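Here are my notes for you, written as numbered points. Keep the model open beside them and look for each piece as you read.

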Amino acid sequence: MKMIVNPKYERLRSYLRSINVHFEREGREIHSGRNTIKTLRVDDLTLCVKRYAPPSLRGRLACALYKSSKAQRAYMAPLLLRERGFESPEPVAFVTYRTGLFRSSSYFICLQSDYRHSMCDVDALPPAERAEVVRAFARFAARLHEDGFLHRDFSSGNILYDRRGDRLHFALVDTNTVRCGRAVSIEKGCANLAHLSGSSAFFHELAAAYAAERGADADRCERLIRRARAAR
């Protein structure tokens, strides 16, 4: 077994060592597919636990030889994001159980976010409220890209938001595909935005707001987003 626990939650180590057993017997399932996500309650905390499906043979070989598991990457990415001022649910631990030379199962554990909305909800908002959310999200996305972060699964369901006081706050989830490096170009940034879902009006507003934040041409950004969406 391989396990890393956030020092802040060291008191949960004994519980987390058997997270596979707790996952099978407890909690509420909130997503079922190739990967499964449940919420579990322990020590007055609500944990969000993602169990990753066993990797392919190629993936198992890569993890065994040189590559970190998805659960480990999902644990490390929020730490870096939060260190740089971006929101993501606080990571608690990741646990990998090995059942053979190349076979394993892995779990990523974080605190459950209390944000009530995702970007999936934006298109259904009244026009004025939608425009406010789009502008705030464009500032968030532009800052994220300029800081070198690229979330390769930048789908609407992986971007949560809520209002705190007089400001809208955004948080990234499912972060095992987040990469950090040089500032993301306008072309790659627009292609990243194309992963979102929404109407033509939504993308028109988003392109204009994102372009304004990055000092780019709005019409070009809209064309880049449209082209990337058509190619998907």
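1. Three strands come together in an open sheet, in the order β7-β9-β10, with antiparallel pairing. Two strands count as paired if DSSP finds at least two bridges between them. Helices (H or I, at least four residues) and strands (E, at least two) are DSSP runs, numbered from the N terminus. β7 (117-118) and β10 (167-172) are the edge strands with a single partner each, so one side of each has no neighbour in the sheet.

2. Please remember that this is a predicted model: local features need pLDDT of at least 70, side-chain atom pairs count only at pLDDT 80 or more, and totals for chains, interfaces and linings use all residues. Residues are numbered from 1 along each chain as its sequence is written, and side-chain values use heavy atoms, leaving out hydrogens and water.

3. How many bridges join β7 to β9? There are 2, and β9 covers residues 159-164. To find this pairing, look for S118, which stands opposite L160 in β9.

4. Helix α5 (residues 127-146) lies across β9 and β10, at about 50° to β10. Axes here are lines fitted to C-alpha atoms, for helices over the stretch in contact, and angles run from 0 to 180 degrees between N-to-C directions.

5. Now turn to β4 (residues 45-52). This strand is largely enclosed by the rest of the structure, because 6 of its 8 residues are buried (under 20% relative accessible area, with a 1.4 Å probe and protein chains only).

6. β3 and β4 form a hairpin with 2 residues between them, where D43 in the turn has a positive phi of about 55°.

7. Finally, look at two helices: α6 (residues 186-193) and α8 (residues 218-231) pack at an angle of about 55°, their axes 8 Å apart. That makes α6 oblique to α8 (under 35 degrees is roughly parallel, over 145 roughly antiparallel, 65 to 115 roughly perpendicular, and the rest oblique). Which residues of α6 meet α8? They are I186, E187, C190, A191 and L193, and their partners in α8 are R220, C221, L224, I225 and A228; contact means heavy atoms within 4.5 Å.

Note on methods:
Buried < 20%, exposed > 50% of the residue type's maximum accessible area, 1.4 Å probe, protein only.
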